[in-house]
Amino acid sequence: QVQPVESGGGLVQAGGSLRLSCAASGRTFSNYAMAWFRQAPGKEREFVGAVTWNGISTYYGDSVKGRFTLSRDNAKNTVYLQMNSLKPEDTAVYYCAADCVLVVGGTPRCNFWGQGTQVTVSS
């Protein structure tokens, strides 16, 4: 059982950067593919990115590709979402998800979800 806990959200100016963290406990953390999603008011939950269990492969949604970077540190039971060149359109609640099945060309399906952290980008 893994309970992701997000942190690092906040208010930033457009063009700025922010790094989100997702912490989870358990010996099996390193076996899990992890993912980030986000949801803005009035919109559906959107796939942001995913990383395989070994951190070798990453996948990104089109809206963040080239600006966001996922990484993980299995020794710390933590995954990260580095967000650069932030835009007001990136404003959303960001969710970390664990134990994900990664599907080519599709949205990952994940078994464990965090409660989210708010990211607000001002102009």
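So, there are four salt bridges in this model, where a salt bridge means a side-chain nitrogen of Lys or Arg within 4 Å of a carboxyl oxygen of Asp or Glu. Quick housekeeping: it's a predicted model, so local features need pLDDT of at least 70, side-chain atom pairs count only at pLDDT 80 or more, and totals for chains, interfaces and linings use all residues. Residues are numbered from 1 along each chain as its sequence is written, and side-chain values use heavy atoms, with hydrogens and water left out.

Okay, which residues are linked in a network of salt bridges? They're Arg-38, Glu-46, Arg-67 and Asp-90.

Let's start with Arg-38. Its side chain meets that of Glu-46 in a salt bridge, 2.9 Å from N to O. Arg-38 is buried at 5% relative accessibility, while Glu-46 is partly exposed at 30%. For those words, buried is under 20% relative accessible area, exposed is over 50%, and partly exposed is in between, using a 1.4 Å probe and protein chains only.

Arg-38 also bridges to Asp-90, with the closest N and O atoms 2.8 Å apart. Arg-38 is in strand S4 (residues 34–39), and Asp-90 is in the loop between strands S8 (78–83) and S9 (92–101), 52 residues apart. Strands here are DSSP runs (E, at least two residues), numbered from the N terminus.

Now, Asp-90 is buried too, at 2%, and its side chain meets Arg-67 in a salt bridge, 2.7 Å from N to O. Arg-67 sits in the loop between S6 (58–60) and S7 (68–73), so this pair ties together parts 23 residues apart in sequence. And Arg-67? Buried, at 11%.

Methods
Helices (H or I, at least four residues) and strands (E, at least two) are DSSP runs, numbered from the N terminus.
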